[in-house]
Amino acid sequence: MASLKPEEVYGWCEQLSKDSECCFVLCGEMHEVPDEEVTKIIADRTGMQRTNVLGRRDDAVLLESDAVLERGLIPAVFSYEGSKRWSVVLPLKPSEGMRVAQESSPTEERARSPIVQSPDIRRQDDSPLGLDGASDTQSQLFLVAMNKLVEQLGINQYDGGYRRLRPFSGVEPVSTGEDAYEVWKDTAIQYMEEWHCPETAKRQRIVESLRGPAMEIVQATRRSDPNATARNYLAALEREFGTSEDATDLLYKLRNTCQEPGERVSKYLYRLDKLIDRIVEKGGMTLSEVDGSRMQQLLRGALSLDPVALKLRGDSTGNSAPSFNQLIDEVKQ
C-alpha cells in the first residue's frame, strides 16, 4: 500500500489553493468508507468537529480543518473496524536543497537516500577532516536521523504516563462519561501544575479532552490568538461556562455559608475551601489572607452545639491561623 509523502501532500494543498497548515491526509483502505464516516471518526478521536474532505487519490483522502492544526492533536494512526488502520501524513513544504529519494529496490535505497543540505554541515572541501563524498553523505544522513530520534524521544518523555482529563463538552445535561464544568476545571488546574512539559503539550492535553461547544470556544480562541497558552484556553472556557458571580458576590456568599444540620465539620470545611479558591481566582482575596479567612468563617458558621466546633473555638487563640491540611487534621482528630 503506497503512502503519499509530506511534500506531495503539500503540493496537493497548493493545487487546491488550500492552507496546508489546516490540512492532512489519511492513507489506507479508504475506497468503501464514505466522507461522512471519515469525518465522524476524526471527530470522535480528536474532537475536531469541523473537518471536510477536499479530495481523494486512490487510497488517500485529503481533509481540511476549520482551524490551524495542533500537530500533536492528530494521532499517527487511526484504527477503523478493528483490524483496519489509516496512517496520517501531514503536509511539509519542500525545503531548498532537499532531494527526495525516488522509490527504488532495497539494494539501491541506501545509495539514493534523501540528502539534507544543512548550513551546519560543511561541504567536503570545507571539512577539516577531509571526508570523501560517500562518507560526507553518510555523516549528513546520520545527523538527520539522530535529530529525528532526539525529537521523538523528547515527545515520548512528556507523553508517557501522564493523567488524562475526562471529556468535557459544555452540553447540558452532562452526558454519561463527561465531567461538569466546575469538576473539569478544578481537575485541569490541578493537572496543569503536575504536567512538566512544554506549553504545546499542555495545550494539546487540554484540547484532546474537549468536545462540542467547548472545543469550538477553544478553536475560536486559537484563531484570534495563535500564540494563546493553555491558561488562555481555560480563561476562555471560564468566560463561557463559569459562574457570572464576581469577587464581591463570592465574598458575600462566603460570609453566609454555614454548616448545615447533620453536616460534618470536615465536609463544611471542604465547602468553604472550594469557595475560597474561587474568590482567589477572581482576585477577591490574596493567598496570604486565605488561612485567616477560612478559620474565621469556620468558627463563625459552624453549628453552635457541634462538639468539634466547640473544641475548635476553645482552642482558638490569637496565633496565626493553621493551613488547610493542619486544620483538617485537627478536625479529624
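## Surface patch, helices and salt bridges in a predicted model

F142, L143 and M146 make up a nonpolar surface patch with about 280 Å² of accessible area together. Patch members have over 30% relative accessible area and no salt bridge; like charges are joined within 9 Å, and nonpolar side chains (Val, Leu, Ile, Met, Phe, Trp, Tyr) within 5 Å. Areas come from the Shrake-Rupley method with a 1.4 Å probe, and for residues only the protein chains shown count as cover. M146 sits in helix α4 (residues 133-159). M146 is partly exposed, because its relative accessibility is 34%. Buried means under 20% relative accessible area, exposed over 50%, and partly exposed in between.

This is a predicted model: local features need pLDDT of at least 70, side-chain atom pairs count only at pLDDT 80 or more, and totals for chains, interfaces and linings use all residues. Residues are numbered from 1 along each chain as its sequence is written, and side-chain values use heavy atoms, with hydrogens and water left out.

**Overall picture**

The protein has 13 helices and five strands. Helices (H or I, at least four residues) and strands (E, at least two) are DSSP runs, numbered from the N terminus. Of its 333 residues, 36% count as buried. The accessible surface is about 19800 Å², and 50% of that belongs to carbon and sulfur atoms. Among contacts between residues at least 6 apart in sequence, 63% join residues at least 24 apart. A contact means heavy atoms within 4.5 Å.

Helix α8 (residues 230-241) has 12 residues. From first C-alpha to last it reaches 16 Å, close to the 16 Å expected at 1.5 Å a residue. That expected span is 1.5 Å times one less than the number of residues. Buried residues in α8 are A230, Y233, L234, A236, L237 and E238. Their cover includes α5 (181-194), α6 (199-207), α7 (212-224) and α10. E238 also belongs to a network of salt bridges with E182 and K185.

S266 lies in helix α10 (residues 265-281). S266 is buried, with a relative accessible area of 13%. Leaving aside neighbours within four places in sequence, S266 contacts I328 and V331.

Strands β2 (residues 51-57) and β3 (residues 60-65) run antiparallel, joined by six bridges. Two strands pair if DSSP finds at least two bridges between them. T51 has S65 in β3 as its bridge partner. Two residues separate the strands of this hairpin, and D58 in the turn has a positive phi of about 50 degrees.

**Salt bridges**

The whole structure holds nine salt bridges. Each is a side-chain nitrogen of Lys or Arg within 4 Å of a carboxyl oxygen of Asp or Glu.

E64 is buried at 16% relative accessibility, whereas K18 is partly exposed at 30%.

R166 is partly exposed at 42%; D179 is buried at 12%.

D291 and R294 are three residues apart in helix α11 (residues 287-301), about one turn of the helix. D291 is partly exposed at 26%, and R294 is buried at 3%.

Terms used:
Buried < 20%, exposed > 50% of the residue type's maximum accessible area, 1.4 Å probe, protein only.
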